[in-house]
Amino acid sequence: MRKPLGAGNWKMNKTIAEARALAAGIARGLADLQEAAEKVDIVLGPPYLSLSAVAEAAAGAPLGVAGQDCSAEAGGAFTGEVSAPMLKDAGATHVIVGHSERRELLSEGDTQVAAKAAAASAGGLVPVVCIGEPITTREAGATLDRIGFQLEHSVFSVFKNPPGELVIAYEPVWAIGTGKTATPAQAQEVHAYIRKRLGENFGVDWAGNSRILYGGSMKPGNAAELLAQPDIDGGLIGGASLVEADFLEIVRIAAGG
Ligand code: PGA
């Protein structure tokens, strides 16, 4: 049985003080949830500047911390970039790579995403690799082809052997921040396909133990039906992760209510 993973993606929100307060509030809330909190792995993804503060606020609580991106390089003359070892030094355990906002707004391609995932893994972080189709692809009936292509070029191209731990986040682009959610059946179809492809490349045991997250307007009102799907192992949660009560409620639901 896979332990669900709830990962918050705070995007470009929260000052350092606000981030510290939200992390501390979530840590306190998890202490109140007790047994439920033990049934779920939870990761908070603040902006870089707040990472140390969030890691400090999370210390002692069952909370991981994620960077929202990392460089494909370990260090050097790359102005504005942050490397995986730096994130780890600041207290990160995970890093999101290939988020659709970066793919779309900053023209990141699969090759770059793959290099970042490899750098994250080499730097001792768990990569959370985001993949997902735009609405035109879904309407054209080509979703699984697109997902297969992204897996091939964002993951399998660099990991020839099964990585220690790697999380895939399926985030249909049309569902991110739009209030629209994939139906449980739509999401399950894609998640099952992702697990099949992971199994073909890394072995069915590895695939059976790895977490595949759903992202795209997950909130307390729809989390239960999404998380009830056999291949949905948690969520990458944007908007709702900024609201302490909503995030904690999703954790409670992920723990089985
Ligand atoms: P959302 O964002 O939950 O606000 O749709 C999810 C994400 O972009 O990771």
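These notebook entries follow what I looked up in the predicted model above.

**Ground rules.** I number residues from 1 along each chain as its sequence is written, and for side-chain values I use heavy atoms, with hydrogens and water left out.

A polar side-chain atom of His99 lies 2.6 Å from a ligand oxygen, and an N or O atom in the side chain of Asn9 is 3.4 Å from an oxygen atom of the ligand. From Gly238 a polar backbone atom takes part, at 2.9 Å from an oxygen atom of the ligand. Taken alone the ligand exposes 280 Å², of which the protein buries 95%; the areas come from the Shrake-Rupley method with a 1.4 Å probe, and for residues only the protein chains shown count as cover.

**Aromatic pairs.** I paired rings of Phe, Tyr and Trp (its six-membered ring) with centres within 6.5 Å, calling planes under 30 degrees apart stacked, over 60 edge-to-face and the rest tilted. The count comes to 3 aromatic pairs. Phe156 and Phe202 form an edge-to-face pair, 5.4 Å centre to centre with 75° between the planes. This pair links distant parts of the chain, 46 residues apart, with Phe156 in helix α8 (residues 143–156) and Phe202 in helix α9 (residues 184–202); helices (H or I, at least four residues) and strands (E, at least two) are DSSP runs numbered from the N terminus. Phe156 and Phe202 are both buried, where buried means under 20% relative accessible area, exposed over 50% and partly exposed in between (1.4 Å probe, protein chains only). Ring pairs join Phe156, Phe202 and Trp206 into a cluster.

**Cysteines.** I found 0 disulfides, a disulfide being a pair of cysteine sulfur atoms within 2.5 Å. The sulfur of Cys130 has its closest cysteine sulfur in Cys70, 12 Å away, and is therefore too far for a bond. Cys70 is buried at 0% relative accessibility, and Cys130 is buried at 2%.

**Loops.** Arg211 sits in the loop between α10 (204–209) and β7 (212–215); at 10% relative accessibility Arg211 is buried, and its side chain makes a polar contact of 3.2 Å with that of Glu165. In the loop between α5 (100–105) and α6 (110–122) I found Glu108, buried at 7%, with a polar contact of 2.7 Å between its side chain and that of Lys116. Gly203, in the loop between α9 and α10, is partly exposed at 27%. The C-alpha atoms of Gly203 and Pro162 are separated by 7.8 Å, with the two residues 41 apart along the chain.

Definitions and conventions:
Predicted model: local features only at pLDDT ≥ 70, side-chain atom pairs only at ≥ 80, totals over all residues. Polar contact = N/O pair within 3.5 Å; in protein donor to acceptor, adjacent residues only side chain to side chain.
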